[in-house]
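The stops below are given in the order in which to select them.

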Amino acid sequence: MELFEDSEDWKNKLKPILVKYKGRKHPLDYQNLYQLLVMVVLSAQDSDANINKIAHALFEVYPSMETLVVSNAEALIPHISKVRNFYTKANWLIEIAHTIQKDKAIPLTMEGLTALKGVGRKSANVIMRESKVPAEGIIADLHVIRVAPRIGIIPEAKDGIKVEKLLMQALPKDIWGEIGMAISFLGREICRPTPKCPECPVKNVCEYYKEH
């Protein structure tokens, strides 16, 4: 994949947020890889905060992949009924359980994760980042989709796959694992839809800040 000419330049420009957010745990309040996988699937088109609210009770009943395997969607639904698209997600989770069978068999590659029902590239990137395995892509959630073009790293695009592809072209691979989540945290805390520019650690390299 061809890098933009200034990829190393962007690495230096974005260093303040790489330092600020390095290694910070994802907002989903998971305790292990199994919980993270389940919560990532549930969080599609829903908020991390909402998934965190239902997680404790859910995992008391379903503490492992092995317990999901012997269940079914109808039994699972009451425990996730406050989640958006719960019926579809219940079926996805049961199908994932039957595919994987055991917690220790959860894959940690892009190919292995995206082969699972309900797991796209964004979810796979989150799971791989949290598991500290080498990155094969860049997290491109709703915050990254908004913030990365605003800073000026990439042109504006609405689709997460397109945004990820552009970021992978624009940034060197050695920061892929952390930069997506760093931009996401920036978007959650500072670069909101109405941004708090004076607080931003990368305002001096930001196109939006220069224009406003």
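Is asparagine 85 buried, partly exposed or exposed? Select it in this predicted model. Asparagine 85 has a relative accessibility of 43%, so it counts as partly exposed. The residue sits in the loop between helix 6 (73-76) and helix 7. Check its backbone as well: phi is positive, about 60°, although asparagine 85 is not a glycine. Most residues other than glycine have a negative phi.

Next, go to the loop between helix 7 and helix 8 (110-114), where glutamine 101 lies. Here too phi is positive in a residue other than glycine, with a value near 75°. Glutamine 101 has a relative accessible area of 38% and is partly exposed.

Now select helix 7 (residues 86-100) together with helix 3 (residues 33-42); their axes come within 10 Å and cross at roughly 150°. An angle over 145 degrees counts as roughly antiparallel, and helix 3 and helix 7 are therefore roughly antiparallel to each other. Their crossing is right-handed. To see the contact, show the side chains of Leu37, Val38, Val41 and Leu42 in helix 3, which meet Lys89, Trp92, Leu93, Ile96 and Ile100 in helix 7. Of the residues in this contact, eight are nonpolar, none is polar and one is charged.

Stay in helix 3 and pick tyrosine 34. Its relative accessibility is 2%, so it counts as buried. Beyond its neighbours within four places in sequence, tyrosine 34 is in contact with Phe59, Tyr62, Pro63, Ser64, Met65, Leu68, Asp103 and Ile106. Zoom in on serine 64: its backbone oxygen lies 3.4 Å from a polar atom of the tyrosine 34 side chain.

The last stop is helix 10 (residues 142-151).

Finish with the two ends of helix 10. At its start, a side-chain oxygen of aspartate 141 comes within 3.0 Å of the backbone nitrogen of histidine 143. After the helix comes glycine 152, with a positive phi near 110°.

Terms used: Residues are numbered from 1 along each chain as its sequence is written. This is a predicted model: local features need pLDDT of at least 70, side-chain atom pairs count only at pLDDT 80 or more; totals for chains, interfaces and linings use all residues. Side-chain values use heavy atoms; hydrogens and water are left out. Axes are lines fitted to C-alpha atoms, for helices over the stretch in contact, and angles run from 0 to 180 degrees between N-to-C directions. Helices (H or I, at least four residues) and strands (E, at least two) are DSSP runs, numbered from the N terminus. Angles under 35 degrees count as roughly parallel, over 145 as roughly antiparallel, 65 to 115 as roughly perpendicular and the rest as oblique. A crossing is left-handed if the near helix is turned anticlockwise from the far one by less than a right angle, and right-handed if clockwise. Contact means heavy atoms within 4.5 Å. Ala, Val, Leu, Ile, Met, Phe, Trp, Tyr, Cys and Pro count as nonpolar, Asp, Glu, Lys and Arg as charged, and the others, Gly among them, as polar. A polar contact is a pair of N or O atoms within 3.5 Å; within protein, one must be able to donate a hydrogen and the other to accept it, and residues adjacent in sequence count only if both atoms are side-chain atoms. Buried means under 20% relative accessible area, exposed over 50%, partly exposed in between (1.4 Å probe, protein chains only).
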